[in-house]
Amino acid sequence: MYYTTPVSIKGAVYKHSGEIHVKVIIAYMSLSSNTKKIAEAIYQEIQEEKEIKELHEIDDFEGYDLAFVGFPMHGFGVPEEAQRFLEKHCKGKKIALFVTHGAPEHSGDLQPWLAKCKEAAVKANVIDMFNCQGELAQFVSDELLKSENPLFRAYGEAGPSTKGQPDAARVERAHIFAREIMA
Ligand SMILES: Cc1cc2nc3c(=O)[nH]c(=O)nc-3n(C[C@H](O)[C@H](O)[C@H](O)COP(=O)(O)O)c2cc1C
């Protein structure tokens, strides 16, 4: 699990401006709703002025004190759409990342992939990062099972074990993640 010490956003804003008003956006992409489920859990925890939008709906990303930016892991790293979004909109911004992936959290493969996700946001001020397993869509398992690469086939065979993710415990972790950042 990639989960660093959270930084209190309200504390940071208070110290900076002497006000407690905070405006937050939850910006995400999600093909099969796993990352959307986590985005919604985060959204529910925010007590401040807030918006939730898919990445493709966002043109203007100004005026927020904090953005939670989420996407699924694709190809051992960041999907192109999310990469473009991070480059175009997140430079110098305070962001908290959230990522879902088919691999289980304890997988040894995961850490370098998560490191790539964080690197993709290197120009932003990343205050924390959440990650959890999401269900592997059937079409992804089917494609992986056809691969000549035994490693990819093994990922495909693990598809059924991801069913129902992110489960209630993982969604609850997302609630805690958001609460701790906003505390
Ligand atoms: C094109 C594609 C590539 C993927 N590559 C990876 C990967 O490299 N590692 C991984 O753990 N999961 C991978 N997955 C699985 C997704 O990251 C996982 O199912 C995620 O929870 C999907 O989230 P979503 O429903 O929000 O799109 C991939 C899925 C797709 C569709």
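## Glu49 in strand E2

Glu49 counts as exposed, because it has 12 C-beta neighbours inside 10 Å. Glu49 sits in strand E2, residues 49-54. Helices (H or I, at least four residues) and strands (E, at least two) are DSSP runs, numbered from the N terminus.

Neighbours within four places in sequence aside, Glu49 is in contact with Lys23 and Val24. Contact here means that the C-beta atoms of two residues, placed from the backbone, lie within 7 Å. His21 is 28 residues from Glu49 in sequence, and their C-alpha atoms are 8.0 Å apart.

## Model and numbering

This is a predicted model: local features need pLDDT of at least 70, side-chain atom pairs count only at pLDDT 80 or more, and totals for chains, interfaces and linings use all residues. Residues are numbered from 1 along each chain as its sequence is written.

## Chain layout

The protein chain holds seven helices and five strands. Read from the N terminus, the order of elements is α-β-α-β-β-α-β-α-β-α-α-α.

Of the 183 residues in the protein chain, 37% are buried. Among the contacts in the protein chain with a separation of 6 or more, 81% join residues 24 or more positions apart.

## Shell around the ligand

The shell around the ligand has 21 residues, and Ser30, Thr35, Pro72, His101 and Gly134 come nearest. Helix H2 (34-45) and strand E4 (94-101) are the elements that give two or more residues to this shell. A residue is near a molecule if its C-beta atom, placed from the backbone, lies within 6 Å of it. H2 supplies the largest share of the shell, three residues.

By class, the shell has eight nonpolar, 11 polar and two charged residues. Ala, Val, Leu, Ile, Met, Phe, Trp, Tyr, Cys and Pro count as nonpolar; Asp, Glu, Lys and Arg count as charged; the others, Gly among them, count as polar.

## H2 against H7

Two packed helices are described by the angle between their axes and the distance between the axes. H2 packs with helix H7 (residues 168-182) at an angle of about 40°, and the axes are 8 Å apart. Axes are lines fitted to C-alpha atoms, for helices over the stretch in contact, and angles run from 0 to 180 degrees between N-to-C directions. H2 and H7 are therefore oblique to each other. Angles under 35 degrees count as roughly parallel, over 145 as roughly antiparallel, 65 to 115 as roughly perpendicular, and the rest as oblique. H2 passes H7 in a right-handed crossing. A crossing is right-handed if the near helix is turned clockwise from the far one by less than a right angle, and left-handed if anticlockwise.

From H2, the contact uses Lys37, Ile38, Ala41, Ile42 and Glu45; from H7, it uses Val171, Ala174, His175, Ala178, Arg179 and Met182. The contact of H2 with H7 comprises seven nonpolar, one polar and three charged residues. His175, in H7, counts as partly exposed, with 14 C-beta neighbours inside 10 Å. Beyond its neighbours within four places in sequence, His175 is in contact with Ala41 and Glu45. His175 and Ile38 are 137 residues apart along the chain, yet their C-alpha atoms are separated by 8.3 Å.

## H5 against H6

Helix H5 (residues 138-145) and helix H6 (residues 150-157) cross at roughly 145°, and their axes come within 7 Å. This crossing of H5 and H6 is left-handed. H5 brings Ser141, Leu144 and Leu145 to the contact, and H6 brings Phe152, Arg153, Tyr155, Gly156 and Glu157. By class, these are four nonpolar, two polar and two charged residues.

## Backbone notes

Ser33 is not a glycine, yet it has a positive phi of about 80°. Ser33 lies in the loop between strand E1 (23-28) and H2. Ser33 is partly exposed, with 14 other C-beta atoms within 10 Å.

Phe76, also not a glycine, has a positive phi of about 65°. The loop between strand E3 (66-72) and helix H3 (80-89) holds Phe76. Phe76 is partly exposed, with 13 other C-beta atoms within 10 Å. Gln165 and Pro166 are joined by a cis peptide bond, with omega about 0°. Pro166 is in the loop between H6 and H7.

Terms used
A residue is buried if 20 or more other C-beta atoms lie within 10 Å of its own, exposed if 12 or fewer, and partly exposed in between; C-beta atoms are placed from the backbone.
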